[in-house]
Amino acid sequence: MSKTINIARYNPQTDSQPQLQAFQVDSDNSTSVLDALLQVQQQDPSLGFRWSCRMAICGSCGVMVNGIPKLGCKTFLRDYPDKLTVSALAHFNVEKDLIVDMQPFLTHLAAVKPYLINAEQSSQPHRQTPAQLAKYQQFANCINCGLCYSACPQFGLNPEFLGPAAITLAQRYNLDSRDAGKAARMPELNSKNGVWGCTFVGFCSEVCPKKVDPAAAVNQGKVASASDFIISMFKP
Amino acid sequence: MNDTTQAKRSDEPVWWALFSAGGVCFAVVVPGAILALALLPAFGGFSADNLSYPRISALLHDALWGLAGLAFIGSVICLPLFHAAHRIHHGLHDLKLGGGLLSKVLCYGSAAALSLLALYLIS
């Protein structure tokens, strides 16, 4: 079955803003948006978009589908019987067509020190109980696709806001029993661009393709930051 | 955003704590107050005499050495005011109309002023 797909094209050298271009693609019950984009690229090799794994693991193929952030590989044409418009992820600068500059996102991720911080040197394995694992496991499923940043109106208003994925990752390490780096991460989370930049819209959790629930992590972070605030008042 | 300068701690936990407490009051205490003071007497749940001035005045000023009145005003007026002020402050930011120091002073300032007025009126 033939289907029309509108793609927001943008060439920074010639265009002042993205413009929609319509393409015809063959579609059956299993055709994903990524499959459709690959078909379009056969027709027009100049179409730029990112992709890699085709199975919602790599997080490369994030695009806006009818204005909602989605992974191209996990979104199917069968669910869009009417109009289908694909554009670049919102709240990021477009480099070309569907390719955005992810650097602000990566900078925010790095700012929260997303790795185990522990001075203890030991050759023994660091054992964890199932209960200790359960505290952070859900937050460890993030694939850094950036959909939550496109969904977040606060990141759209203030690009300095750390944002859902970075705060979730900070929370993931702060909750890890093997980690001792919470004191090093809290200053970023305590700032106005940290957890307090969030107004609990919750759309980040709706669009997350891995059900990480960043909104829950950010609000746990608010409780952690509020208790850090109270503790700091009693410190000299 | 970098390691050399540490980000400044936000004062938001204070406003967020008042907002959270106000939210609980809005959801639990305010509907209870509306039920007891407006709906039940109107629909004959109990006699309006139960809301007579001497009785309510005694409840507000004398019960628990005056703490009952303080708790009632605090949970039905003061904390919900701070909850509303917080929503308006952040709503203005969302509408790109504020969210800075001015809207903070205006929102939380009016919540504080109206709270003090409410406490003054029952004192």
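Domain bounds, as used here, come from an automatic or database domain assignment. For chain A of this predicted model, that assignment gives domain 1 (2-100) and domain 2 (103-233). Let's walk through chain A domain by domain, then move over to chain B.

Start with the sheet in chain A. Five strands make up an open sheet with mixed pairing, and their order across it is β2-β1-β5-β3-β4. At the edges stand β2 (19-26) and β4 (68-71) of chain A, each with a single partner strand, so one side of each has no neighbour in the sheet.

As background, strands of a sheet pair through backbone hydrogen bonds, either parallel or antiparallel. On one side, two bridges join β3(A) to β5 (residues 85-87) of chain A, and the two strands run antiparallel. In that pairing, A:Val65 sits opposite A:Val86 of β5(A). With β4(A), β3(A) again pairs in the antiparallel sense, this time over four bridges. Here A:Gly62 has A:Leu71 of β4(A) as its bridge partner. β3(A) and β4(A) form a hairpin with two residues between the strands, and in that hairpin A:Asn66 takes a positive phi near 50°.

Those two strands turn up again where the domains of chain A meet. The C-alpha centres of domain 1 and domain 2 of chain A are 29 Å apart. Across the boundary, 13 residues of domain 1 of chain A contact twelve residues of domain 2 of chain A. On the domain 1 side of chain A, β3 and β4 each supply at least two of the residues that touch domain 2. The largest share of that side comes from β4(A), with three residues. So what classes of residue does the domain 1 side of chain A have where it touches domain 2? By class, there are nine nonpolar, three polar and one charged.

Further along chain A, take a look at two helices. Helix α7 (residues 182-190) and helix α9 (residues 214-233) of chain A pack with their axes 10 Å apart, at an angle of about 105°. Angles of 65 to 115 degrees count as roughly perpendicular, and α7(A) and α9(A) are therefore roughly perpendicular to each other. From α7(A) come A:Met186, A:Leu189 and A:Asn190, which meet A:Gly221, A:Ser225 and A:Asp228 of α9(A). This contact of α7(A) with α9(A) has two nonpolar, three polar and one charged residues.

Now over to chain B for another helix pair. Helix α1 (residues 12-42) and helix α3 (residues 67-94) of chain B have axes 7 Å apart and pack at about 130°. That makes α1(B) and α3(B) oblique to each other, and α1(B) passes α3(B) in a left-handed crossing. On the α1(B) side, the contact residues include B:Trp15, B:Phe19, B:Gly22, B:Gly23 and B:Phe26. On the α3(B) side, B:Leu79, B:Pro80, B:His83 and B:His86 are among them. By class, the contact of α1(B) with α3(B) comes out at 13 nonpolar, five polar and no charged residues.

Finally, how do the two chains meet? Their contact takes twelve residues from chain B and 15 residues from chain A. Sorted by class, the side of chain B that touches chain A has five nonpolar, three polar and four charged residues.

Notes
Residues numbered from 1 in each chain as written. Chains lettered and ligands numbered in written order. Predicted model: local features only at pLDDT ≥ 70, side-chain atom pairs only at ≥ 80, totals over all residues. Axes fitted to C-alpha atoms, helices over the stretch in contact; angles between N-to-C directions. Parallel < 35°, antiparallel > 145°, perpendicular 65-115°, else oblique. Left-handed = near helix turned anticlockwise from the far one by under 90°. Contact = placed C-beta atoms within 7 Å. Nonpolar A, V, L, I, M, F, W, Y, C, P; charged D, E, K, R; others polar. Pairing = 2+ DSSP bridges.
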